[in-house]
Amino acid sequence: MEPWNSTFGTDFILVGILDDSGSPELLCATFTALYALALISNALLLLIITMDARLHVPMYFLLGQLSLMDLLFTSVVTPKAVIDFLLKDNTISFEGCAFQMFLALTLGGAEDLFLAFMAYDRYVAICHPLNYMIFMRPSICWLMVATSWTLASLMALGYTTYTMQYSYCKSRKIRHLLCEIPPLLKLACADTSKYELMVYVMGVTFLIPPLAAILASYTLILLTVLHMPSNEGRKKALFTCSSHLTVVGMFYGAATFMYVLPSSFHSPRQDNIISVFYTIVTPALNPLIYSLRNKEVTGALIRVLERYLLPAHPTL
């Protein structure tokens, strides 16, 4: 096939899971409900953390940043997928594809690093409680945020620039929910095997060290928790850590499948399902996992509602 000039030619066509589903209307309604849940729950958690002074501590500052990342991540993908299905128009321009890829890689990479920083926060809080406000002072927290966004943005810029410089063949269909590197490279006319190897190596480099740091942090936390004299303290520590580990498992499981497993293990349908999981399902579930059984968050929600939303009782 002759290459078509992807810069000046026609648009790409995203053929996502909604197009391959046996019940696309039901799946579209599910995506819409999950997106609404992600918007409401993450925005509400951000609002509560911002407005309640009792949550102005490092743990909840980091949780608020994670909610912001999830909110942005799902907004990069879900609205376009739903609107495209409703309008029966799955096209995306070359520039739009590059921009979506850059945003998705930036937000995914930032969350990858940020989950490791959150594990460090829990390690300091449980293993070194007396020094917690020293090791997690505001300047350190903001450094964590800046590091996550900066490194992820640079990584995403490099990947996006290199991926989009390829010439792509006349088949314009990207069999995926969004513009991502693995499905897009299948359309390239040139041999991409060396670049795919580089993507694999960089994926391992970017994912494994934070995951190793998380596992090391929680190993040390578990050893500390087992020696705690108070049952109540043990339960609280284990609950907080189990919530974080659930989120870590969902994120790293999906990311490992997409960027660490060799391409021979991938199929378009599997990739579509995995992409739905980390771009739509996980952002909707994360705030619920962190807050449903968290008495501090539920208490803060009640205080915010009483203060700003519920009408004051008239004095008799």
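Where is Asn-90 found in this predicted model?

**Figure 1. Overview of the predicted model, which has eleven helices and five strands.** The C-alpha atoms of the protein fill a box of roughly 75 × 50 × 35 Å along the principal axes. A compact globule with 316 residues would have a radius of gyration near 20 Å, and the 22 Å of this protein agrees with that expectation. Of the 316 residues, 47% count as buried. Among the contacts with a separation of 6 or more, 78% are accounted for by residues 24 or more positions apart.

Figure 2. The relative accessibility of Lys-88 is 64%, and because exposed means over 50%, the residue counts as exposed. Lys-88 also lies over the face of Phe-85, at 4.3 Å from the ring centre. Leaving out residues up to four places away in sequence, Asn-90 touches Phe-12, Ile-13, Leu-14, Asp-19, Asp-84 and Phe-85.

**Figure 3. The aromatic pair of Phe-73 and Tyr-278.** A search of the whole structure finds nine aromatic pairs. In the pair shown here, the ring centres of Phe-73 and Tyr-278 are 6.2 Å apart and the ring planes stand at 35°, so the pair is described as tilted. Phe-73 belongs to helix H3 (residues 58-87) and Tyr-278 to helix H10 (residues 268-291), so that the pair links distant parts of the chain, 205 residues apart. Both Phe-73 and Tyr-278 are buried.

**Figure 4. The aromatic pair of Tyr-166 and Tyr-195.** Here the ring centres lie 5.9 Å apart with the planes at 45°, so this pair is tilted. Tyr-166 lies in the loop between helix H6 (138-163) and strand S4 (168-169), while Tyr-195 lies in helix H8 (residues 193-226), and the pair therefore ties together parts that are 29 residues apart in sequence. Tyr-166 counts as buried at 10% relative accessibility, and Tyr-195 counts as buried at 3%.

**Figure 5. The largest nonpolar core, a set of 48 residues.** The residues with the most contacts inside this core are Phe-12, Cys-97, Met-164, Ile-174, Ile-181 and Leu-184. Helix H4 (residues 94-127) gives the largest share of the core, eight residues. Around Ile-174, when neighbours within four places in sequence are left aside, the residues in contact are Phe-12, Ile-13, Leu-14, Val-15, Cys-97, Cys-179, Pro-183, Leu-184 and Leu-187. A second, separate core has 44 residues, including Ile-49, Ala-116, Val-247 and Val-248. Phe-12, which is listed among the residues with the most contacts inside the largest core, also forms one aromatic cluster with Phe-94 and Tyr-168.

**Figure 6. Gly-108 in helix H4 and Leu-154 in helix H6.** Gly-108 lies in helix H4 and is buried, with a relative accessible area of 13%. When residues up to four places away in sequence are not counted, Gly-108 touches Phe-73 and Phe-251. The C-alpha atoms of Gly-108 and Leu-305, which are 197 residues apart along the chain, are separated by 32 Å. Leu-154, found in helix H6, counts as exposed at 54% relative accessibility. Between the C-alpha atoms of Leu-154 and Leu-105, 49 residues apart along the chain, the separation is 9.9 Å.

Figure 7. Over residues 237-261 the chain is 92% helix and 0% strand, with the end C-alpha atoms 33 Å apart.

Definitions and conventions
Residues numbered from 1 in each chain as written. Predicted model: local features only at pLDDT ≥ 70, side-chain atom pairs only at ≥ 80, totals over all residues. Heavy atoms only, no water. Phe/Tyr/Trp six-rings, centres within 6.5 Å; stacked < 30°, edge-to-face > 60°. Helix = DSSP H or I, 4+ residues; strand = E, 2+ residues; numbered from the N terminus. Buried < 20%, exposed > 50% of the residue type's maximum accessible area, 1.4 Å probe, protein only. Lys NZ or Arg CZ within 6 Å of the ring centre and 35° of its normal. Core = buried A, V, L, I, M, F, W, Y, C linked by side-chain atoms within 4.5 Å. Contact = heavy atoms within 4.5 Å. Rg over C-alpha atoms; globule rule 2.2 N^0.38 Å.
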